[in-house]
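Biologist: I am new to this structure and would like to go through the terms used for it one by one. Could you show it to me before I ask?

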Amino acid sequence: MFKEREITSWCPGCGNFPLRKTLKESFNKMNLSYKDVVMFTGIGQAAKMPHFLKINGYNGLHGRAIPPAVGMRIVNPEIKVIVESGDGCSYGEGGNHFLHNMRRNLDIVHLAHNNQIYGLTKGQASPTSGTDMRTDVQPEGVTAQPLNPLRIALSSGATFVARSFVGDREHLAKMIEKAFKHRGYALVDVLQPCVSFNKINTYKWYSERVKKLDNHDKNDIEAAFSKAGIWGDEIPIGVFYEDEREIFRDHFPWLDNDEIISNREIDPSNMEDLLTEFQ
């Protein structure tokens, strides 16, 4: 049974709260124990999720949530692996890992909290901040074009690309469960307000704009690319694209010929060979 911790460092009203609640309920609905899932995060308010949820967690460097998740995915095909971090950590500092592990199609669920701002460091523009957004660091307004994570994922080979909104928890739960059922790299871009540092993209702003994808062929990548380009008065949410192809482990069948490490009996006192190897 997954549980939430009562005390957090998040601001009241933070979008991380409904996402955490939805994660907990979705894990329980899928009959997953906290022993069945391991969550990898980087740095940021979003990356604190394993601090406040009873789950196996690895809190790494900024933007470096994916590499250790890849290691876990390779050595243990049985455990559910989830990467969970903000838009800055996922698309900024971690952008290189984001790109190249979609090409590899590792069997990983990636939930990117997209609040279009750096919240932990108090409000700098992130890769997804809108043009002209004014912050303390960009007092004249952001001049760069916002990164479109869905279009990047589609063009990089991701086999599951979705977007949801924390203000619609029923929809968010469906996207999380679909991502977990998918075999391959599953990105869910989660729109979530930062109530302290982003006064533009608020719950009200999103609620007036998000619209569920309707009559959309999720197997049509051209249609997905077109829908992913819509942002403004209307913001589509749902599964934009889903496909099946070989995952990373399929290219290395010899990995399945050995017993996974977690099932082996290991005597910690007998580490002489390992110590010798690293001398």
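Biologist: Why is Leu275 called exposed rather than buried?

Modeller: This is a predicted model, in which local features need pLDDT of at least 70, side-chain atom pairs count only at pLDDT 80 or more, and totals for chains, interfaces and linings use all residues. Residues are numbered from 1 along each chain as its sequence is written, and side-chain values use heavy atoms, with hydrogens and water left out. Buried means under 20% relative accessible area, exposed over 50%, and partly exposed in between, with a 1.4 Å probe and protein chains only; Leu275 has 58%, so Leu275 is exposed.

Biologist: Where does Leu275 lie?

Modeller: Leu275 is in helix H9, residues 272-277, where a helix is a DSSP run (H or I) of at least four residues, numbered from the N terminus.

Biologist: What makes Phe27 and Phe180 an aromatic pair, and which kind is it?

Modeller: The structure holds eleven aromatic pairs. In the one between Phe27 and Phe180, the rings are 5.5 Å apart centre to centre, with 85° between the planes; rings of Phe, Tyr and Trp (its six-membered ring) pair if their centres lie within 6.5 Å, and planes under 30 degrees apart count as stacked, over 60 as edge-to-face and the rest as tilted, so this pair is edge-to-face.

Biologist: What parts of the chain does the pair link?

Modeller: Distant ones: Phe27 belongs to helix H1 (residues 16-29) and Phe180 to helix H6 (residues 169-181), 153 residues apart. Both Phe27 and Phe180 are buried.

How values were computed:
Helices (H or I, at least four residues) and strands (E, at least two) are DSSP runs, numbered from the N terminus.
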